[in-house]
Amino acid sequence: MFDGVYLLFAEDGVNVVDEDGHPNLQYVYGKFWLNNHAHIMQGNDIVSTEYLYLALKESIVIHLVTGAAQPKINQENMSTIPIIVPPQIVMQQFNQKICLIFNYKKLKETENIELIRLQSLLLAKMRQ
């Protein structure tokens, strides 16, 4: 069980990369369970999870996929993906701004989930 902000990087399967060779990533938050078909990542004091998501989303990783019948990206190959890290002051400024944007996105997603729940509730009451 995980609780927090994480980045999931698909480990195996036909959707390990998209049609352009970028990794299949998910930015997740809150409480969740994780199976063994994804690598879990999290930022640190220098590189936020949001920066990591955006940087990896633009990376071409098709050359790291192994396996013929079951495509796979292992942790060793993942560790070779180059990530450009700007100077600390630039990264701090970026993290402040990008975290505001991602927090707004999370707020709107939460609001949408609540609106869908309310819609279902109201529709059910109207059918009664």
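**Salt bridges, burial and cores**

Guide: A salt bridge of 2.4 Å, N to O, joins the side chains of glutamate 11 and lysine 72. Residues are numbered from 1 along each chain as its sequence is written, and side-chain values use heavy atoms, with hydrogens and water left out.

Visitor: Why is the contact of glutamate 11 and lysine 72 called a salt bridge?

Guide: The term requires a side-chain nitrogen of Lys or Arg within 4 Å of a carboxyl oxygen of Asp or Glu. The N to O value here is 2.4 Å, so the pair qualifies. By this rule the count comes to four salt bridges.

Visitor: What makes this pair a tie between parts apart in sequence?

Guide: Glutamate 11 lies in the loop between β1 and β2, and lysine 72 in the loop between α1 and α2, so the linked parts are 61 residues apart in sequence. Helices (H or I, at least four residues) and strands (E, at least two) are DSSP runs, numbered from the N terminus.

Visitor: How do you know whether glutamate 11 is buried or exposed?

Guide: Buried means under 20% relative accessible area, exposed over 50%, and partly exposed in between (1.4 Å probe, protein chains only). Glutamate 11 has 14%, and therefore counts as buried. Lysine 72, at 28%, counts as partly exposed.

Visitor: Which class does asparagine 44 fall into, and why?

Guide: Asparagine 44 has 52% relative accessibility and so counts as exposed. The residue lies in the loop between β3 (38-41) and α1.

Visitor: What separates lysine 108 and glutamate 111 in helix α3?

Guide: They are three residues apart, which means about one helical turn. Their side chains meet in a salt bridge at 3.0 Å, N to O.

Visitor: What makes a set of residues a nonpolar core?

Guide: The residues must be buried Ala, Val, Leu, Ile, Met, Phe, Trp, Tyr or Cys, joined through side-chain atoms within 4.5 Å. The largest such core has 21 residues, and those with the most contacts inside it are Leu7, Phe9, Met41, Leu56 and Ile73. Helix α1 gives the most to this core, with four residues.

Visitor: How confident is the prediction over the chain, as a mean pLDDT?

Guide: The mean pLDDT is 94, and 100% of the residues reach 70 or more.

Terms used: This is a predicted model: local features need pLDDT of at least 70, side-chain atom pairs count only at pLDDT 80 or more; totals for chains, interfaces and linings use all residues. pLDDT is the predictor's confidence in each residue, from 0 to 100.
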